[in-house]
Amino acid sequence: MWGLISGRWRRGATVAAVALTLGGATPVAAQDEAGFQAYLPQLRAQALAAGVTPRTVEAVFPTLTLSTRTIELDRAQPGNPGSTATPPFAPYQRSHVDAARIARGRATYQAQRGRLAAVERQTGVPESIMVAIWGHETNYGAYTGNFDLLRSLASLAYEGRRRDLFAGEFIAGLKMLDRGVPRAQLVGSWAGATGNPQFLPSVYLRLGRDGDGDGRVDIWNSPADTLASIGNYFANAGWRPGQPWGIAVRVPAGLDRSQLTNRLVSPRCPRVFERHSGWKTMAEWRALGVQPQGRGWPADSVLATLIEPDGPNATAYLLTGNYRVILDYNCSNFYALSVGLLADAVEG
């Protein structure tokens, strides 16, 4: 879910308050707090217009103060649109598909088999993929974040880099309160993701599911609700049952990569997708001399793109349409590859 909210954003206009004292300008933090408080009536009006109950608005707004730490973290986000250098995948893989995470994943997989099987029957999403998402997002619930979600989202909306997005997520958080989610439960990442699957508030409202039948969607404490919600997210994003996310392959030394260029430009995360080749069927890849590592070939008709995250002469991957569903959750090749590989390790 971090892919929905992280990255280098275009800097927009920010609200700034200029306050003077006898000794001159007030400290920056005080100016920012004044500006934040001056912005809140606008946000309050938006919340009421969107249907948030006056009771919730009156309970929340007096408690809001600017989170300067949230803004610092937002402004420190990495990324340089002018840079073409791409780090190797192998170090990331070692730290994210490590023995400890695999072991915890296998233990979680076994402990939740009944629930996982039920969700897979309902959604077609493999049990191991759901476990791998949970493992990557919060290490199976070990750390879900401790930022006050509403305070962080209001602060990010005030900052203005992506005001519409964060104002909308703040209002969605208020609607969660209207649905009965306790205010104390609304904690998570500085960027607004919460619970075991790290859903943004709008995603929780749209795709959260009650997996244990108690009438609540508790993605913070209920494994059943966590897994049902992840499965529903993936089904909604277009997961195709019966297809793998991809397979590890060896690429022959003589492969002419100039003939594999992907000429399509993605409107979303173009730098992620530009690393993929054009689409070919598995039969066509096999005819080019590409060989699977470990797992066998999917059906000949399955379409896939090629990625070589560590360059030529290293392990490459053929990626199906289901890989792009993982990218919908977090638009990062390293993240999506690690989710797929962790899922394979958990299942294997």
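Thr70 counts as buried, because its relative accessibility is 0% and buried means under 20% relative accessible area, with exposed being over 50% and partly exposed in between (1.4 Å probe, protein chains only). This residue has its place in helix α3, residues 68–75, where helices (H or I, at least four residues) and strands (E, at least two) are DSSP runs numbered from the N terminus. Leaving out residues up to four places away in sequence, Thr70 touches Phe147, Ser152, Leu156 and Trp190, a contact being heavy atoms within 4.5 Å.

The model is a predicted one, in which local features need pLDDT of at least 70 and side-chain atom pairs count only at pLDDT 80 or more, while totals for chains, interfaces and linings use all residues. Residues are numbered from 1 along each chain as its sequence is written, and side-chain values use heavy atoms, with hydrogens and water left out.

Taken as a whole, the chain has 15 helices and nine strands, and 49% of its 348 residues count as buried. Among the contacts that join residues at least 6 apart in sequence, 72% are between residues at least 24 apart.

The interior can be followed through its nonpolar cores, each a set of buried Ala, Val, Leu, Ile, Met, Phe, Trp, Tyr and Cys residues joined through side-chain atoms within 4.5 Å. The largest core holds 83 residues, of which Leu64, Phe170, Leu174, Phe234, Trp245, Tyr317 and Ile326 touch the most other members. Helix α15, residues 333–347, gives this core its largest share, 10 residues. A second, separate core has 13 residues, including Ile247, Ala304, Ala316 and Leu318. Leu174, one of the residues of the largest core that touch the most other members, is in contact with Ala47, Val52, Thr56, Val60, Phe61 and Leu150 when its neighbours within four places in sequence are left aside.

Helix α15 also contains Leu341, which is buried, with a relative accessible area of 15%. Not counting residues up to four places away in sequence, Leu341 touches Phe89, Gln93, Val97, Trp245 and Tyr317. The C-alpha atoms of Leu341 and Ile102 are separated by 9.8 Å, although these residues are 239 apart along the chain.

Helix α5, residues 99–111, packs against α15 at an angle of about 60°, with the axes 9 Å apart; axes are lines fitted to C-alpha atoms, for helices over the stretch in contact, and angles run from 0 to 180 degrees between N-to-C directions. That makes α5 oblique to α15, since angles under 35 degrees count as roughly parallel, over 145 as roughly antiparallel, 65 to 115 as roughly perpendicular and the rest as oblique.

Helix α7, residues 127–138, packs against α15 as well, at an angle of about 125° and with the axes 8 Å apart, so α7 is oblique to α15. From α7 the contact takes in Ser128, Ile129, Val131, Ala132, Ile133, His136 and Glu137, and from α15 it takes in Tyr335, Ser338, Val339, Leu342, Ala343, Val346 and Glu347. By class, these are nine nonpolar, three polar and two charged residues, where Ala, Val, Leu, Ile, Met, Phe, Trp, Tyr, Cys and Pro count as nonpolar, Asp, Glu, Lys and Arg as charged, and the others, Gly among them, as polar.
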